[in-house]
Amino acid sequence: MSDLKATVTETTTSSGHNGFHVEGYEKIEYDFTLIDGVFNIENPNLADCYKRWKRCLAVTDLNIYNVYGKQMEKYFEHYGLELKIHKTKIGEKAKTMPTLLSIEPVLVVGGGLVTDVAGFACAAYRRNTNFIRVPTTVIGLIDASVSIKVAVNYGNYKNRLGAYHAPIHTFLDFTFLRTLPKAQIRNGFAELIKISTCSHLDTFNLLDKYCEQLIDTGFGRADGSSKELIEAADKINREGIHEMLKLETPNLHEIGLDRVIAYGHTWSPLHELVPETPLRHGHAISIDMAYSATLANGRNLITDQEHRRLLDLFSRAGLSMDHHQFNEEILEKATAAILKTRDGLLRAAVPNPIGSCTFLNDVSAKEMNAALRRHKQLMKEFPRNGEGIEAYVDASDTGYTENAKMAEESTLERSAKKAGALNGTKGHVETPVINGACASKTENGVTGKGMNDHLNGNIKAMASVHF
Ligand SMILES: NC(=O)c1ccc[n+]([C@@H]2O[C@H](COP(=O)([O-])OP(=O)(O)OC[C@H]3O[C@@H](n4cnc5c(N)ncnc54)[C@H](O)[C@@H]3O)[C@@H](O)[C@H]2O)c1
Ligand SMILES: [Zn+2]
């Protein structure tokens with residue numbers, strides 16, 4: 001939602017020509033609700049958003065529909081809302097725009113691909129169509145849905161056509177992770193290592209303590225997860241998202257280029273695409289983060305002990321720290337490419353110490369190459385020479401893989417049923433429910449219990465996010 005306040009003044013140039021000066025501030029506000037069981041009929045939060053229209057147009061990934069479609073239909077039927085579901089089969093290779101026609105907010109349910117594409121369609125349709133987001137992957141929950149960026153690929157370029165378009169509401173339901181493949185969970189785990197290493201030591205400590213369990217249980221959503229693990233997972237996610245919002249809301253339009261959340265994103269945009277089969281994004285940024293840590297250790301910005309602790313964490317998570325094609329030539333090319341997008345400065349975020357960060361601008365090619373040689377040497381001490389598990393994209397990332405009916409019924413639907421049973425009142429955690437009703441300009445009070453994280457980032461960008 002935005003509300004532009006602008007003034008117009010008449011101007012005269014020194015040459016005597018008349019003109020106008022426009023100065024405006026756009027107010028941006030949007031809400032997040034942490035809720036296990038968004039489609040559980042006991043949770044009216046989402047239905048409340050559609051009450052006034054009596055209907056809902058949803059866009060979702062076919063795989064998500066196959067698993068959660070019936071639950072969605074039941075949910076909307078229970079609340080007397082007509083539901084129309086547009087099923088997409090979007091893969092990275094076909095990340096293009098579907099046609100959407102809607103006046104009420106479009107409900108977008110899926111991973112980062114679906115929320116990016118449908119979000120962009122909403123930004124473009126009538127220049128501004130509201131949407132509500134329900135992310136279903138780790139990347140979606142803790143990264144893509146935290147930002148207001150939406151985009152589609154164009155030509156050979158990733159995310160070349162895009163917009164800054166905030167959804168009016170985002171429901172963060174981690175029970176979707178029960179059915180998400182482990183390789184995708186690991187991929188998203190990398191972004192949590194990123195944010196915590198450079199900005200939140202408590203979260204880093206928790207990731208370090210529970211690493212394997214978090215990945216194996218879909219952040220404590222699988223059956224049999226201990227209360228301790230569930231609490232740790234919820235703390236990680238809540239604080240990770242909160243930290244990201246605090247860092248990024250003053251810079252929603254990414255005008256500032258020194259970005260803590262760009263740790264791991266300096267050399268990775270190029271080397272992600274170097275192998276014949278591209279690396280998964282989480283693995284590409286992990287290589288960058290691990291190498292950056294070696295660089296930082298060479299400058300004594302992190303101790304040997306911290307360096308080893310960080311490398312061990314990537315290794316335990318099965319994330320990549322190196323790739324045999326990551327060499328001096330790639331480093332040089334990637335440096336040249338990032339200097340262009342970062343206005344001539346490297347601005348490489350590195351931990352200093354773990355939990356906070358420093359930006360490096362003065363790294364010579366000699367220092368970079370020496371750090372790379374040392375990094376490769378160190379990698380010999382790690383399993384797989386520092387290469388990751390399921391590090392490369394597969395058809396589910398690039399094209400589109402429809403989950404086989406058998407697999408769907410035997411594993412996914414079973415898990416979904418269990419997820420349904422777990423939802424809401426039977427949920428295992430006291431997840432704070434914020435903003436019971438859907439947000440609107442006049443209706444954005446915080447009503448959740450135990451929630452002292454209410455964010456109000458009314459700073460430079462005049463943005464406020466209700467988390
Ligand atoms: N806007 C942003 O700020 C931002 C940030 C990060 C990433 N992205 C974009 O996100 C995209 C990647 O998104 P992603 O990593 O979420 O992948 P994705 O949306 O492609 O989902 C990965 C796979 O998991 C399946 N899936 C999704 N949820 C599931 C669930 N709960 N259970 C079972 N299967 C499920 C999907 O069908 C797909 O096969 C990229 O295009 C990237 O550019 C955007
Ligand atoms: Zn990223």
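## Overall make-up

The protein chain folds into 14 helices and 12 strands. This is a predicted model. The protein chain has 467 residues, and 45% of them count as buried.

Contacts reach across the sequence. Take those in the protein chain between residues at least 6 apart in sequence: 73% join residues at least 24 apart.

## The largest nonpolar core

In soluble globular proteins, nonpolar side chains tend to be buried together. Here the largest nonpolar core holds 101 residues. Leu107, Val108 and Ala118 touch the most other members. Helix 9 (residues 281-298) gives the largest share of this core, nine residues. Where does the core lie relative to domain 1 and domain 2? Domain 1 (31-180 + 401-466) and domain 2 (185-204 + 255-397) both give residues to the core, so it lies between them. Apart from this core lies another, of five residues, including Ile28, Tyr30, Ile148 and Ala166.

Leucine 107 shows what such contacts look like. Leaving out residues up to four places away in sequence, leucine 107 touches Cys56, Leu57, Ala58, Ile132 and Val134.

## Alanine 293 in helix 9

Alanine 293 sits in helix 9. Is alanine 293 buried or exposed? It has 28 other C-beta atoms within 10 Å, and 20 or more make a residue buried, so alanine 293 is buried.

Strand 3 (residues 55-61) is mostly covered, with six of its seven residues buried. Strand 4 (residues 82-88) runs parallel to strand 3, and seven bridges join the two. Within this pairing, alanine 58 stands opposite isoleucine 85 of strand 4. Alanine 58 is also one of the residues that leucine 107 touches.

Strand 9 (residues 169-172) is covered on both faces. On one side His169 and Phe171 are buried, and on the other Thr170 and Leu172 are buried. Strand 2 (residues 18-34) runs parallel to strand 9 and is joined to it by four bridges. There, threonine 33 has phenylalanine 171 as its bridge partner. Strand 6 (residues 131-135) also runs parallel to strand 9, with two bridges between them. In that pair, isoleucine 132 has histidine 169 as its bridge partner. Isoleucine 132 is touched by leucine 107 too.

## Around ligand 1

Which residues come nearest to ligand 1? Of the 27 residues around ligand 1, Gly111, Gly112, Thr137, Ile139 and Ala144 do. The shell divides into seven nonpolar, 13 polar and seven charged residues.

Several helices take part in the shell. Helix 2 (62-78), helix 3 (112-124), helix 4 (138-144) and helix 13 (395-398) each supply at least two of its residues.

## Glycine 220, a buried loop residue

Glycine 220 is found in the loop between helix 6 (201-216) and helix 7 (227-248). Glycine 220 has 26 C-beta neighbours inside 10 Å, so it counts as buried.

What does glycine 220 touch, residues up to four places away in sequence aside? The contacts are Ser225, Leu229, Ile230 and Ala233. Glycine 220 and alanine 233 are 13 residues apart in sequence, and 6.3 Å separate them in space, C-alpha to C-alpha.

## Backbone details in loops

Arginine 126 is found in the loop between helix 3 and strand 6. Its phi is near 50°, a positive value in a residue other than glycine. Arginine 126 counts as exposed, because it has 10 C-beta neighbours inside 10 Å. Glutamate 254 lies in the loop between helix 7 and helix 8 (268-271). Glutamate 254 is not a glycine, but its phi is positive, about 55°. With 12 C-beta neighbours inside 10 Å, glutamate 254 counts as exposed.

Proline 353 belongs to the loop between strand 10 (348-351) and strand 11 (357-360). The peptide bond from asparagine 352 to proline 353 is cis, and its omega is near -15°.

Technical notes:
Residues are numbered from 1 along each chain as its sequence is written. Chains are lettered from A and ligands numbered from 1 in the order in which they are written. This is a predicted model: local features need pLDDT of at least 70, side-chain atom pairs count only at pLDDT 80 or more; totals for chains, interfaces and linings use all residues. A nonpolar core is a set of buried Ala, Val, Leu, Ile, Met, Phe, Trp, Tyr and Cys residues joined through C-beta atoms within 7 Å. Domain bounds come from an automatic or database domain assignment. Two residues are in contact if their C-beta atoms, placed from the backbone, lie within 7 Å. A residue is near a molecule or strand if its C-beta atom, placed from the backbone, lies within 6 Å of it. Ala, Val, Leu, Ile, Met, Phe, Trp, Tyr, Cys and Pro count as nonpolar, Asp, Glu, Lys and Arg as charged, and the others, Gly among them, as polar. Two strands pair if DSSP finds at least two bridges between them.
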